[in-house]
Amino acid sequence: MDTVENIFAQARQTGAQPVSFEIFPPKGELSMESARTIAQELAKLDPAFISVTYSAGGSGNKQATAEIAAMIQDDHDVPAVAHLTCAGASRQSISTAIAGMKDRGIRNVLALRGDLPEGYEPGDFRYAKDLIPVLADAGFCVGAAAYPEGHIDCDSLRLNVEHLRQKQDAGASFLVTQLFFDNDCFYRFREGAEAAGITVPITAGIMPFMSKAQIQRMVFMCGASLPSPIIKLLARYEDDPASLRQAGIEYACRQLTDLQAHGVEGLHVYTMNNPEIARAASCALKVALVS
């Protein structure tokens, strides 16, 4: 199974822009049967890779991440990226996770600090940059998270880029951004990253807004700013959930095609386990290429 590093290296030679998807086991509730169905639909769209989240909010889905990632590779011949968080983790628990991923043939890992759970007590890894070299030394192709508008715990955009450079220097070979709703924020971030010596591929992560409650939660959790077009859509469809959902998908597709036109190295779609979102994104990108 190919590594994400190789996928981007080949894309740089051909000028292609890899498109990837993400699925997640929310609170441990995504059954393997449901995951198989979602993966089957996503695989039909020929993604460069599919990533699988890890224990979001301390939900205890750690085992499901490796199992689902392995299933994606084994059943659909699509490279998988298994997320791994280190907040509160010990070296022993990380070693156990590494062994489990290796046993399943996983080659790509996204190293994350993760959300701090209630009653959090520091473990052996304070930041993702501390986890990255451990994974790299274990032979994984390691990715890391990037924050176009800065991490919610870091007020300085300059420090945000410095932290990103530290992740690269620690061994990260590709970067995936947190969601954002304003592409100009990404373009400014990309310029700053290049100026700081970031040379590894940066793939832009896009998530469509599906409801007013969801977008409020995302803004609170991630610190993403809301551009005026989204605010207007929220006001226009406040009492029409179905139309707001469709408007959110269309807005995300416009973001993706604009990023594609601006030569972004990769495009990552947060599907929220909904193949319809992935299909809409893939269709919009293909239409934009030939128009």
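Strand 7 (residues 202–206) and strand 8 (residues 266–270) are paired in parallel through four bridges, with pairing taken to require at least two DSSP bridges between two strands. Within this pair, Gly-205 has His-268 of strand 8 as its bridge partner. Strand 8 is also joined in parallel to strand 1 (residues 19–23), again by four bridges, and here Ser-20 stands opposite His-268. Strands are DSSP runs of E with at least two residues and helices are runs of H or I with at least four, numbered from the N terminus.

The model is a predicted one, in which local features need pLDDT of at least 70 and side-chain atom pairs pLDDT 80 or more, while totals for chains, interfaces and linings use all residues. Residues are numbered from 1 along each chain as its sequence is written, and side-chain values use heavy atoms, without hydrogens or water.

The eight strands form a closed barrel in the order 1-2-3-4-5-6-7-8, with parallel pairing. On average, neighbouring strands of this sheet are turned by 30 degrees against each other, direction ignored. Strand 4 (residues 108–112) pairs with strand 5 (residues 141–146) in the parallel sense over four bridges, and Ala-111 has Ala-144 in strand 5 as its bridge partner. Helix 11 (residues 275–290) packs on the sheet and touches strand 1 and strand 8, its direction making about 150 degrees with that of strand 8. Axes are lines fitted to C-alpha atoms, for helices over the stretch in contact, and angles between N-to-C directions run from 0 to 180 degrees.

Leu-30, in the loop between strand 1 and helix 2 (32–43), is buried, with a relative accessible area of 13%. Its contacts (heavy atoms within 4.5 Å), leaving aside neighbours within four places in sequence, are Phe-24, Pro-25, Ala-35, Ile-38, Ile-68 and Asn-273.

Technical notes. Buried means under 20% relative accessible area, exposed over 50%, partly exposed in between (1.4 Å probe, protein chains only).
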